[in-house]
Amino acid sequence: MMPVAVQPMTPVQGQWNPVSQQPPIGTIPLQTVIDYILQKTYHDIVVLADLLPGKSDLERKIDIAHFANRTRQLVIRLLTVVKWAGSVSKVIKCEVITQLLDQQGLLFVDTADKLHTLANQFVVQARLPNFSVPAAIDVLTTGSYPRLPKAIRDKIIPPDPITPLEKSITLKRLDEIICHRLAVTKIPLQITDIVVDKGMVKLTVPSEFKAILTLMGQSDDIPWRLLKIDISVEDEYIGAGKALVHHLQVEYVHELVQSRLLTNEDPLVDLYQVLHSFCLSLKLEVLEAQAYRLLRHRWGRLIHIDESHPGNKVVLSYWRTAISKTSKPDPMTISIHQERKGDDVALKVTHKPALILQNVDLVQRASAVKDLSLERLLGDTILVRSYHKLHAVQQTLRKHVKNDASHITDGHSCLVIPLTERFESPGDLHISVDPQTGAYVCASPGLGRDVLDEIESAVNESVAKLVTWIPRLTFVFARERCKAALQSLPARYVDKLSLTNFSTHAVGKLGDNVIYIKMTAFENFYIVAQIIDDELSTSSISCRYHLLRVVKDGANQQGVGDYKADALVQLNSHLLDRSDFSGDRKFENSELSAVVSACDARIPFVGLTRDLAKEGLAYQGLLADSDAGFCVKLLDLGPIAGVTGADSLVKNTLQCAFRYRCIEKVSKSSDAVAARVWHAELVFADNPMKIEARQDAVTRLTLKLDVPNADSPVQTFKEAWKAVGRLYEVVRKFADVLYDRDSSLGQMVSVHSYDFQSLVLKYGARRKFTVSVSWSHQHQNFALHFGRVGSIGFNSHAYSSHYLTAMFNDCNDLGRLVQVLHDTSDPFHVACSISSFPVLGMGIGSGNAKSVSDNFTVLVQSPWRFLMVYRSLFALEVCCMSGRRVALRDGALSKCDSSVIKEGLQPIPGLVNFLTALFKSAYYAGPTATRADPPTSDQGHKMLNGVEVRTIPHGNWAGDSPVIIGHVDFVKLLREQKVNSQTGPCVLEHFMGLTSLKRDMMHMTQTNDAFYFPDNVNTAPVPSEISCLEFAVNSVHVRCSLQASNESLGLALKLQPVPAYTLQQRGLPQESWRPENLVILERFFQLRVATHPYRSNNMHSFCLILLAKWPILNDFMGIMRLELSDHKTDMAVRWLPQLCLTVPPKLAMAVPCAPAVFIKEKVLIVMTFVPKNIGNAPASRQAVVTPIVLQPNGGSITVPTAKNNPHNARMDAFIKQYMDNKPHNTRTHLASVVKYIMDNYSVG
């Protein structure tokens, strides 16, 4: 051997470094201590969770308290250690340093010793081995080293596993060894299931355990090896499907059994005895736990645990209470305990007193514990006891009752005693035993609870008392069955009758076995049912029925409202044979149901026939009706008061029949409730009206007579018959005119329906409107109801229904009504369809800049006349005429005195000229010389009938006489127009809006001295001019004229400079007006002022601009020029400006729609900058609204700021930047600032 050089070992990466990680000697890391404590606590909690469900409540509480105490002491120690560790960090550091130094010293000493040993012992004898040439060749050529010694391979490489074939052979051989061992070993007979498979044997005892064993060799002295134990004892009620034995307990039993297998001569017998004893104790503990559970949760004091030895014996007592007042408690017990039978021990059930063997099957079920259920065992035991008690009752009945037919049901829990077979559903008395108390319980569907309680009390005292109850129960049962049957009938049971003559009347002599039945719908009628014994048979009874009527006893002074018996009639038996007495109700098919149904169907007609006789109306009597029970037909309807043509209606009537029917009504809870009402059915020979789109006319009328409590409907019928007659009278006259060939009514209206109660007519264009005519008994006049065909839209005649109803009740002429509806249909509809939305900014003349006015308001004055009020300023009176024409006049002028103006209204200037110019077919109904407009300024006041009114000078004014136009022109006047594919205002609104703007301009000129009226300005009149206003302001002359033709309507503004000499006379400076400036003002007025929505504040702002001094006015004209210019080709423009005449809603610091121009010491305007769209790209920015203030003296321009508007502050800073960069001592023009904002302002 050649010496081998030994190199010093270097620490490998990833190995444990004792210097850096090993704790000091005698210490442990704090984290490890905490982990140990947590693991121990978790393990204790798991053990408690598994063991506590099987223990009693007291034991669970004790275990939880011990666990809490141990854990608390452990945590306190941990807290002490943690606090100490936090305070001794320096000591620990010193200990670590000391330990590290000691370890380093040990390493040095050990290294020196190793080196000395290596140099003196190993190196001296070391030799260099021969070079392994074959191994080197293998490595160089094949890259592997296959020449390792076999000793190394055997120690490192594990042996190959056995093959599946070898494994199968081995297991088969092991099975043979186990079978041989079982053949020579004593096996208990209780182990019924033995399975040998895969080298193991499975020994099973049902419902107890299963053990798996094997052998570790084939020698006879090798003991059994226990592999696994499964405890099969389960409690599905208490354990909730969980295992009843903890795995630690199973391991203990496993070790115990294994230790006994090593030394016992009969190991399998000993294994069975140990596991069997354990399972029996476990079963008794489970049964004991079930007993306590029944005691706490179900049975309570009804059971008691008399004796309890855990794992050995449980004694339970039941039926502990006395079943009657005279008896004493006699509890019975069930005992479950272990009993030895030869060499085996099993569970034994013992009953005290012992069970009687009357039914062997029941006794066997109650003598063994099945499925480990104490509640099932208790139920089987109680069933045996109950069967014995019921059998004793049955034997008593058979001794004392002849032909007893009682029997015990198949379930052995009920004794059935047949009582009677008189009814379709025979009644029986059922006697059972209460499983909790052992007392007898009686039940019967035909007996009341009070009667059953008496029977139970008697039977529990003595079974013999039941014999005396059998005859009495026959009558009691019949009475109770009648009470139960009445719950579904229109009648109710009455205990007794409080009648003043009960003792002397025949009803009081019917005996004791009598039932009184009160009819719920008829308070004066009773049915008396007399129960009678059948002499032919002791087991049957019969009933005799009477009908009793009671009346008020006026002679009785003892009390108010007492009744006395009036008439008692025995009902004939043939009534019970009829199947149609149920009427509209479906009662139970029984004798009592037939009687009640017959009375319920006939009694209402008693009052009806009596009242018909009083009114002198002949009738045929009560007749059977297959559909509704009964009916009464009249032979004579009699005259109708107040109807002249009643004879023709009576002759047209073929039949009138009264019926009392059942209908369904919807209650407040949305449930269908049955109700009975009177119906009078009338059949007519002919219908005078031809119904639209129907071949057959309505000739049958059903009147629903609403009377309370099934009273007589005669008076209600007479009122309804009168309504039919009143309507028939006007319909008959209308039919004569409607179907006349020379009449034009057929082209105006069509009959939609007529059912003798109401007439529905369709009228208007395409027959889309309807009117319903009917007679109102409440108001004693005709009522009109207007509607529309279809669910969309409305009928405008609903606004004038009051006037139309009054007109029709005065004339009773349907032809006149149809004519009025035809003449007013289109005008009323188009007038009510016009816009009525309120408009802001109507403050000029009212003194309130925030005033709101409705656009149009329609006020109906008569069936054919109405007013259209425009913004509470102008009123147009519309009168519908025949021939599809309307008459229009100024509604502000009084019709009685044309010099009186109605309160709150103003005359409409140019109304006649506007209408005649717009429509060629219009003509003026007044004299041609009276087409002058009423004056607007020369108005006074006078007293008229004690009321102060406004007046104008007397004269024949144009608006006082009407202008006649056709319906087509009127619809054109009020129909909305299309302007640039958008819906615009109608022509009338456009005219009145422009007229109101011209009036606002006149008001401004009359209230401000800066406006003057020059006399030497010549302007050529326009042919289409309706009215005009001329004035001058500063150095410009203004002519505002309203122009109309059959094609257009507009308010034109014409400006021209005032002559120099006129300015010199007034001392006004002369300004250099250029033609393009005048055009800009005229265009701005046309596009921004004289347009919808015609706000007065727009005109106010424009007039303020005209009043401004020349520099300010020049700035405004510059802004207008920027707004009216086309900036599409100017790429430098980023914003499009708009001068606001009224405050827009987006500006929160001012009132919306108030004037947006303010000129005094300072000039305030409001500008809106809209982002410019380049090409078709949508604008990504929103419009910016900003107020701008100009100080003419200082020339500064600022923007008022607000806290909630950051745009104003940004705009103010932007304008200030512009003001700082402009040349000093130069005037700042508003237009230049606006242009700068257009080109340079940025929102971001």
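This briefing describes salt bridges, a sheet with its packed helices, and selected local features of the structure above.

The model is predicted: local features require pLDDT of at least 70, side-chain atom pairs count only at pLDDT 80 or more, and totals for chains, interfaces and linings use all residues. Residues are numbered from 1 along each chain as its sequence is written, and side-chain values use heavy atoms, with hydrogens and water left out. Helices (H or I, at least four residues) and strands (E, at least two) are DSSP runs, numbered from the N terminus.

**Salt bridges**

- A salt bridge is taken as a side-chain nitrogen of Lys or Arg within 4 Å of a carboxyl oxygen of Asp or Glu. The count under this rule is 30 salt bridges.
- One of them joins the side chains of D270 and R260, with an N to O distance of 2.6 Å. D270 belongs to helix 9 (residues 267-297) and R260 to helix 8 (residues 247-263), so this pair ties together parts that are 10 residues apart in sequence.
- Burial is assigned from relative accessible area, with a 1.4 Å probe and protein chains only: buried means under 20%, exposed over 50%, and partly exposed in between. D270 is buried at 6% relative accessibility, whereas R260 is partly exposed at 35%.
- R865 and E877 form a salt bridge through their side chains, at 3.0 Å from N to O. This pair links distant parts of the chain, 12 residues apart, with R865 in strand 30 (residues 865-870) and E877 in strand 31 (residues 874-881).
- Both R865 and E877 are buried. The two residues also take part in a network of salt bridges that links R865, E877, R889, K895 and D960.
- A salt bridge between K942 and D897 has its closest N and O atoms 3.5 Å apart. Distant parts of the chain are linked here, 45 residues apart: K942 is in strand 35 (residues 940-944), and D897 is in the loop between strand 32 (885-890) and strand 33 (900-901).
- K942 is partly exposed, at a relative accessible area of 30%, and D897 is partly exposed at 22%.

- Two strands are treated as paired if DSSP finds at least two bridges between them. Four strands make up an open antiparallel sheet, in the order 23-24-25-26.
- Strand 23 (749-754) and strand 26 (781-788) are the edge strands, each pairing on one side only.
- Angles run from 0 to 180 degrees between N-to-C directions, and axes are lines fitted to C-alpha atoms, for helices over the stretch in contact. With direction ignored, neighbouring strands of this sheet are turned by 25° against each other on average.
- Strand 25 (residues 769-776) pairs with strand 26 in the antiparallel sense over eight bridges. S774 has A783 of strand 26 as its bridge partner.
- Helix 17 (residues 714-738) lies across strand 23, strand 24 (758-763), strand 25 and strand 26, and runs at about 150° to strand 23.
- Helix 19 (residues 814-832) also packs on the sheet, touching strand 23, strand 24, strand 25 and strand 26, and its direction makes about 140° with that of strand 25.

- H276 is located in helix 9 and is buried, with a relative accessible area of 7%.
- Contact means heavy atoms within 4.5 Å. Apart from neighbours within four places in sequence, H276 is in contact with E208, F209, D344 and V345.

**Nonpolar surface patch**

- Patches consist of residues with over 30% relative accessible area and no salt bridge; like charges are joined within 9 Å, and nonpolar side chains (Val, Leu, Ile, Met, Phe, Trp, Tyr) within 5 Å. Accessible areas come from the Shrake-Rupley method with a 1.4 Å probe, and for residues only the protein chains shown count as cover.
- V139, Y145, L148, I152, I156 and I157 form a nonpolar patch on the surface, with about 580 Å² of accessible area together.
- Among these residues, V139 is found in helix 5 (residues 133-142) and is partly exposed at 42% relative accessibility.

**Backbone features**

- K352 and P353 are joined by a cis peptide bond with omega of about -5°; P353 is in the loop between strand 8 (344-352) and helix 10 (360-365).
- A cis peptide bond also joins H1092 and P1093, with omega of about 15°; P1093 lies in the loop between helix 24 (1075-1089) and helix 25 (1096-1107).
- R871, although not a glycine, has a positive phi of about 50°. R871 sits in the loop between strand 30 and strand 31 and is buried, with a relative accessible area of 5%.
- S872, although not a glycine, has a positive phi of about 55°, and S872 is found in the loop between strand 30 and strand 31.
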